[in-house]
Amino acid sequence: MNQSAEKQSKGTVLVKALFISYVITGLLLLILALIMYKAEPPNMFVSAGVVFAYIFSAFMGGMVVGKKTQEKRFLWGIVSGVLYFSIIFAVSILMNKDILSQIGSTIVVFITCGFGGMLGGMLS
């Protein structure tokens, strides 16, 4: 396999991993919305559920990219987690201009998404 085909296949793998991550995020947030509809959980539960959805989705994306790349899995996992966060962050900025006022929690989510992706890549 030549170098350009290898890069293209890693890019394709990364896109597939991100797609899977977002499908998982959607399903987990749908479950969380159903729980919120049926019961009235405390705000702490809802916040923890959203953070769990982000971390678990980044982890699964890291697992996918790590299994497919087979080399530097932790690095590809981090890339997957950071891209996952970056897209969520970009959409959040477009939807809510005031997101930058919550920079502390945003940094925490960035780190946890990167760590989740790295862990998924390492354990794949």
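Buried means under 20% relative accessible area. The legends below use the word in that sense for a predicted model.

**Figure 1. Overview of the predicted model, a protein with 4 helices and 0 strands.**
Read from the N terminus, the elements run α-α-α-α. The C-alpha atoms fill a box of roughly 55 × 30 × 20 Å along the principal axes. The protein has 124 residues, and 32% of them count as buried. Take the contacts between residues at least 6 apart in sequence: 78% of these join residues at least 24 apart.

**Figure 2. Helix α4 and its buried residues.**
Buried here are Thr106, Val109, Cys113, Gly114, Gly116, Gly117, Met118, Gly120 and Gly121. Their cover includes α2 and α3.

**Figure 3. The packing of α2 against α4.**
The two axes lie 6 Å apart, at an angle of about 35°. The crossing is right-handed. From α2, the contact uses Tyr54, Ile55, Ala58, Phe59, Gly62, Met63 and Gly66. From α4, the residues include Val109, Thr112, Cys113, Gly116 and Gly117. Further along α4, Leu119, Gly120, Gly121 and Leu123 also take part. Of these α4 residues, Gly116, Gly117, Gly120 and Gly121 are among the buried ones.

**Figure 4. The crossing of α2 and α3.**
The axes of α2 and α3 come within 8 Å and cross at roughly 140°. That makes α2 oblique to α3, because an angle must be over 145 degrees to count as roughly antiparallel. This crossing is right-handed. On the α2 side, the meeting residues are Ala53, Tyr54, Ser57, Ala58, Gly61, Gly62, Val65, Gly66 and Thr69. On the α3 side, they are Arg73, Trp76, Gly77, Ser80, Gly81, Tyr84 and Ile88. In length, α2 has 27 residues and reaches 39 Å between its first and last C-alpha, close to the 39 Å expected. Helix α3, residues 73-95, has 23 residues and reaches 33 Å, close to the expected 33 Å.

**Figure 5. The largest nonpolar core, 8 residues in all.**
Its members are Leu18, Tyr54, Ala58, Tyr84, Phe85, Ile88, Val109 and Cys113. The elements giving two or more residues are α2, α3 and α4. Helix α3 gives the most, with 3 residues. The buried residues of α3 are Gly77, Ser80, Gly81, Tyr84, Phe85 and Ile88.

**Figure 6. Tyr84 and the residues it touches.**
Residues up to four places away in sequence are not counted. Tyr84 touches Leu18, Ser21, Tyr22 and Thr25, among others. Its contacts also include Ala53, Tyr54, Ser57 and Ala58. Cys113 is touched as well.

**Figure 7. Gln70 and Lys72 in the loop between α2 and α3.**
Gln70 follows α2. Its phi is positive, about 65°, although Gln70 is not a glycine. Lys72 also has a positive phi, near 50°, and is a residue other than glycine. Gln70 counts as exposed because its relative accessibility is 56%, and the cut-off is over 50%. Lys72 is exposed too, with a relative accessible area of 57%.

Note on methods
Residues are numbered from 1 along each chain as its sequence is written. This is a predicted model: local features need pLDDT of at least 70, side-chain atom pairs count only at pLDDT 80 or more; totals for chains, interfaces and linings use all residues. Side-chain values use heavy atoms; hydrogens and water are left out. The expected span of a helix is 1.5 Å times one less than its number of residues. Buried means under 20% relative accessible area, exposed over 50%, partly exposed in between (1.4 Å probe, protein chains only). A nonpolar core is a set of buried Ala, Val, Leu, Ile, Met, Phe, Trp, Tyr and Cys residues joined through side-chain atoms within 4.5 Å. Contact means heavy atoms within 4.5 Å. Axes are lines fitted to C-alpha atoms, for helices over the stretch in contact, and angles run from 0 to 180 degrees between N-to-C directions. Angles under 35 degrees count as roughly parallel, over 145 as roughly antiparallel, 65 to 115 as roughly perpendicular and the rest as oblique. A crossing is left-handed if the near helix is turned anticlockwise from the far one by less than a right angle, and right-handed if clockwise.
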